[in-house]
Amino acid sequence: MGKLNENSAQPPQKFTGIKLGHPKSYAAGIPAILSSLNHIKKEVGVVNGVKLLNKMNQFKGFDCPGCAWPDPDDKRALLSEYCENGAKAIAEEYTKFKADPKFFSENTVKSMLGWSDYEIGKSGRITSPMFYNSQSDKYEEISWNGAFKLIVKELKSLDDPNEAVFYTSGRTSNEAAFLYQLMIRKFGTNNLPDCSNMCHESSGTALSETLGIGKGSVTLDDFNHAELVIVIGQNPGTNHPRMLSALRNTKDAGGKIISVNPLPEAGLVSFKDPQKPLEWVSSGTNLTDLYVPVRINGDLSFLKAVNYLLNQKEKSEPNSQFDWDFINSKTDGFEAFIKDVNNQDFNKLVKNSGVEVDVIKNAADLIGEKKKIIVCWAMGLTQHKNGVANIQEIVNLLLLKGSIGKKGAGTCPVRGHSNVQGDRTMGIWEKPPLSFLNKLGSVFDFTPPTNHGYDVVESIKAMYENKVKVFFAMGGNFLSATPDTELTGKALKKCNLTVHVSTKLNRSHLIHGKDALILPVLGRSEIDNQKSGKQFVTVENSMGVVHSSSGSMNPISENLISEPELVCKLSCFLFEKEKDMWNLFMNDYNNIRDKIEAVIPGFESFNERVKNPSGFYLPNNSREGDFTKTSTKKANFTVHQIPEFSLKKEELIMMTIRTHDQYNTTIYGLHDRYRGVYNERRVIFMNEFDMTERGLQNLDKVDIVGHYNGEKRHANGFLVVKYPIPINCTATYFPEANVLVPIDSVAEKSNTPTSKYIVVTVHKT
Ligand SMILES: Nc1nc2c(c(=O)[nH]1)N[C@H]1C(S)=C(S)[C@@H](COP(=O)(O)OP(=O)(O)OC[C@H]3O[C@@H](n4cnc5c(=O)[nH]c(N)nc54)[C@H](O)[C@@H]3O)O[C@H]1N2
Ligand SMILES: Nc1nc2c(c(=O)[nH]1)N[C@H]1C(S)=C(S)[C@@H](COP(=O)(O)OP(=O)(O)OC[C@H]3O[C@@H](n4cnc5c(=O)[nH]c(N)nc54)[C@H](O)[C@@H]3O)O[C@H]1N2
Ligand SMILES: [Mo]
């Protein structure tokens with residue numbers, strides 16, 4: 001048992017027995033296969049494991065609950081379209097271990113608070129609806145109807161519908177998400193925060209303003225035609241392993257890859273395809289041609305320095321770098337942009353990027369030659385104060401090169417949760433466009449609320465200020481995923497009721513409101529039977545392809561219901577006069593899809609088109625090179641100030657990142673194999689120089705103090721690990737370090753917590 005502070009919402013501070021190895025020089029290969037099999041065997045067993053892997057990401061199978069990377073449109077690989085982390089995700093979901101009523105009767109909430117997130121997760125799948133009994137400090141079984149009645153009683157007792165908040169994580173299907181937002185808006189609020197607020201919100205905001213759509217423009221096939229792919233602020237080897245096959249295809253077709261990252265991530269160095277046994281014994285495909293070891297949040301300066309060099313060369317060799325036809329016909333704001341480029345102090349850009357000038361010149365040379373460029377990014381760019389600016393600077397670069405709206409080129413924000421993009425398309429958004437609300441209102445004959453609701457950060461503050469009394473979560477782990485853990489913990493505890501629709505136990509269930517419910521649902525892999533027979537649901541991947549997903553395994557408990565069923569049953573209690581409509585939806589999900597078609601553009605003949613096993617593409621104006629949806633009716637160049645770095649003596653910048661053995665707050669295991677760290681999560685990666693300056697040695701124990709506007713936050717008990725990370729930069733793992741992310745430290749415009757930029761000092765204990 002670790003050190004337990006009952007008033008703390010943080011995971012306990014305990015060490016698990018660290019072992020250090022060498023960072024790996026390639027991703028996947030045999031170790032990935034062994035690791036997959038190991039997890040499957042331990043959690044699921046061999047027989048069911050084989051059944052699961054055979055159905056995952058196959059036509060007529062279920063969509064991997066791992067990441068949102070797309071499947072090939074045409075063929076699916078013989079050895080199935082899964083990867084190490086997909087195998088782990090499914091092992092975690094279809095585990096044979098169960099957190100059943102007996103489990104809850106044996107463990108008080110207080111005792112479980114002393115468990116690590118790894119231990120909490122390993123207790124298994126929740127099998128029955130549970131209600132918190134404050135007398136015994138235990139969760140006890142409750143009937144489904146009992147649970148629904150309690151929720152409705154609380155909701156109806158509110159003075160204002162805006163006193164309730166409805167969170168969504170990104171695994172929820174389109175059907176469930178559509179019904180969920182309909183129920184919430186009928187109830188009368190737009191308080192629909194979602195995980196996207198902490199994830200790609202900066203991308204959505206940046207791209208909507210500049211290109212007229214908040215989604216990426218590329219398709220998987222574009223990787224076969226790109227001359228250059230830039231992977232910036234993203235770790236695909238761990239978080240989107242199947243993307244490595246796409247990068248390999250780029251290389252095979254003669255394209256180049258630049259990776260921009262403070263860490264030399266293994267997956268970006270070299271790749272051994274787990275589906276090509278011959279590669280297991282070779283040295284793999286080298287992926288990165290140029291590695292740019294940018295300092296944390298040095299990207300905007302780096303990108304500006306590249307744009308500066310391209311402009312210099314264009315001036316000396318006209319028509320050699322820029323695509324003037326594109327700039328002249330398709331864009332707006334070029335003059336202001338180029339004036340700003342001309343005014344830049346190149347040396348300052350170089351210094352702020354943290355990159356050697358020669359590396360920047362090499363990057364500009366590589367980019368300058370190419371006409372078909374894809375830029376891929378993820379959390380390394382979005383979770384910064386200037387997250388929106390980062391992405392708009394990428395757009396500037398692509399516009400200069402005319403690299404949007406043609407084959408082999410474009411924007412590729414790589415989404416996280418497997419249906420986070422679809423949920424937004426379905427209306428899970430605290431700031432829904434009026435056009436959507438009007439359509440929703442006319443199809444369902446009601447007047448949806450039009451005022452903006454709370455996003456994640458605003459929800460926490462509103463709960464803390466007693467403005468919100470009911471917190472309802474469709475999936476996710478709000479407490480651990482959000483910033484400022486101690487504050488968020490206090491905020492959740494102030495609620496009258498917290499409700500979690502979940503598959504597995506997590507820390508959010510333990511830091512709860514006065515009343516608390518856990519409602520267990522079917523996972524992706526499980527069969528969903530309703531009155532009209534076996535149902536399927538649909539999801540949208542990172543590239544805007546909508547396709548079906550249908551479970552193939554028997555549910556792990558008879559007491560589970562599906563997410564759409566849950567929303568329908570709850571709505572029958574909430575809107576008693578509308579039972580018929582909700583029952584129609586519940587009995588046959590085709591009825592839900594018909595309404596999605598009626599409300600949301602791009603879903604024409606939904607039920608018909610979704611029969612195509614590889615699904616269909618949603619309309620995407622920027623893919624077509626049509627930018628008329630922006631305010632200027634053109635693709636917009638934008639001008640951004642570079643962030644100033646002003647660290648005080650002893651201060652360092654810290655980013656919070658994922659290990660190779662976790663899915664967000666779900667901890668699969670305690671290893672970070674690619675970075676050579678085994679059996680420990682409480683580590684802080686530091687540069688050797690910074691360590692020496694502070695008299696620190698490898699594996700010294702330290703406490704970390706966060707500094708923000710004169711406020712201090714504490715995360716105690718971490719082990720120092722020497723690592724090739726730029727000077728002044730450090731890294732810790734999410735969610736252990738979330739306590740250090742200040743609630744007020746957010747990205748401009750998108751309000752995304754700055755989880756990749758936290759100012760800290762480290763103190764030897
Ligand atoms: N197995 C697995 N798969 C996942 C997830 C998971 O937890 N586990 N999570 C899913 C989700 S929800 C998401 S959003 C994605 C996340 O996918 P990623 O964004 O790849 O995840 P992070 O671990 O946050 O990694 C961020 C990367 O950005 C780098 N980075 C940090 N700061 C900076 C910076 O300032 N500049 C640059 N250039 N790089 C920086 C880090 O070194 C790291 O390589 O993955 C999805 N897929
Ligand atoms: N410091 C820091 N914080 C971060 C990040 C970071 O990089 N650094 N990343 C942010 C990002 S990108 C994201 S997306 C968020 C993630 O935030 P969330 O989406 O809230 O968190 P997850 O850990 O993915 O949620 C895991 C829980 O979801 C439930 N679950 C799993 N599958 C299902 C299902 O099919 N249905 C239902 N109903 N429940 C299910 C399980 O109970 C599990 O415990 O975290 C953010 N927080
Ligand atoms: Mo995410």
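A residue is taken to be near a molecule if one of its heavy atoms lies within 4 Å of it. The structure is a predicted model, in which local features need pLDDT of at least 70 and side-chain atom pairs count only at pLDDT 80 or more, while totals for chains, interfaces and linings use all residues. Residues are numbered from 1 along each chain as its sequence is written, chains are lettered from A and ligands numbered from 1 in the order in which they are written, and side-chain values use heavy atoms, with hydrogens and water left out.

Polar contacts to ligand 2 were considered next (pairs of N or O atoms within 3.5 Å; within protein, one must be able to donate a hydrogen and the other to accept it, and residues adjacent in sequence count only if both atoms are side-chain atoms). The side chain of Ser169 places a polar atom 2.7 Å from an oxygen atom of ligand 2, and an N or O atom in the side chain of Gln383 is 3.3 Å from an oxygen atom of this ligand. Ala481 contributes through its backbone, with an N or O atom 2.6 Å from a nitrogen atom of ligand 2. Of the 920 Å² that ligand 2 exposes when taken alone, the protein buries 96% (Shrake-Rupley accessible areas with a 1.4 Å probe; for residues, only the protein chains shown count as cover).

Ligand 1 is surrounded by 32 residues, with Glu265, Asn297, Asp299, Gln662 and Asn664 the closest. A polar side-chain atom of Asn261 is 2.7 Å from an oxygen atom of ligand 1. Backbone N or O atoms also take part: that of Gly380 lies 3.4 Å from an oxygen atom of the ligand, and that of Gln662 lies 2.7 Å from a nitrogen atom. Taken alone, ligand 1 exposes 920 Å², of which the protein buries 99%. At least two shell residues are supplied by each of α10 (236–239), α19 (379–382), β25 (652–657) and β26 (662–663); helices (H or I, at least four residues) and strands (E, at least two) are DSSP runs numbered from the N terminus. The shell comprises 13 nonpolar, 15 polar and four charged residues, and at least three residues come from each of domain 1 and domain 3 (202–413).

Asn297, one of the residues closest to ligand 1, is situated in the loop between β12 (290–292) and α14 (299–316). Its phi is near 60°, a positive value in a residue other than glycine. The peptide bond from Phe734 to Pro735 is cis, with omega near 10°, and Pro735 belongs to the loop between β32 (729–733) and β33 (758–764). Most residues other than glycine have a negative phi, and most peptide bonds are trans.

Grid points are joined across faces, edges and corners, and a volume is the space filled by probe spheres set on the points. The largest pocket has a volume of about 1,200 Å³. Among its 35 lining residues, Ile213, Gly214, Lys215, Trp429 and Pro433 lie nearest its centre. Two or more lining residues are given by each of α9 (201–211), α21 (420–425) and α22 (434–444), with the largest share, five residues, from α9. The lining divides into ten nonpolar, 15 polar and ten charged residues.

Notes: On a 1 Å grid over the protein atoms alone, a cavity is a set of points where a 1.4 Å probe fits but cannot get out, and a pocket is an open set with protein on both sides within 12 Å along at least five of seven lines; lining residues have an atom within 4 Å of a point. Ala, Val, Leu, Ile, Met, Phe, Trp, Tyr, Cys and Pro count as nonpolar, Asp, Glu, Lys and Arg as charged, and the others, Gly among them, as polar. Domain bounds come from an automatic or database domain assignment.
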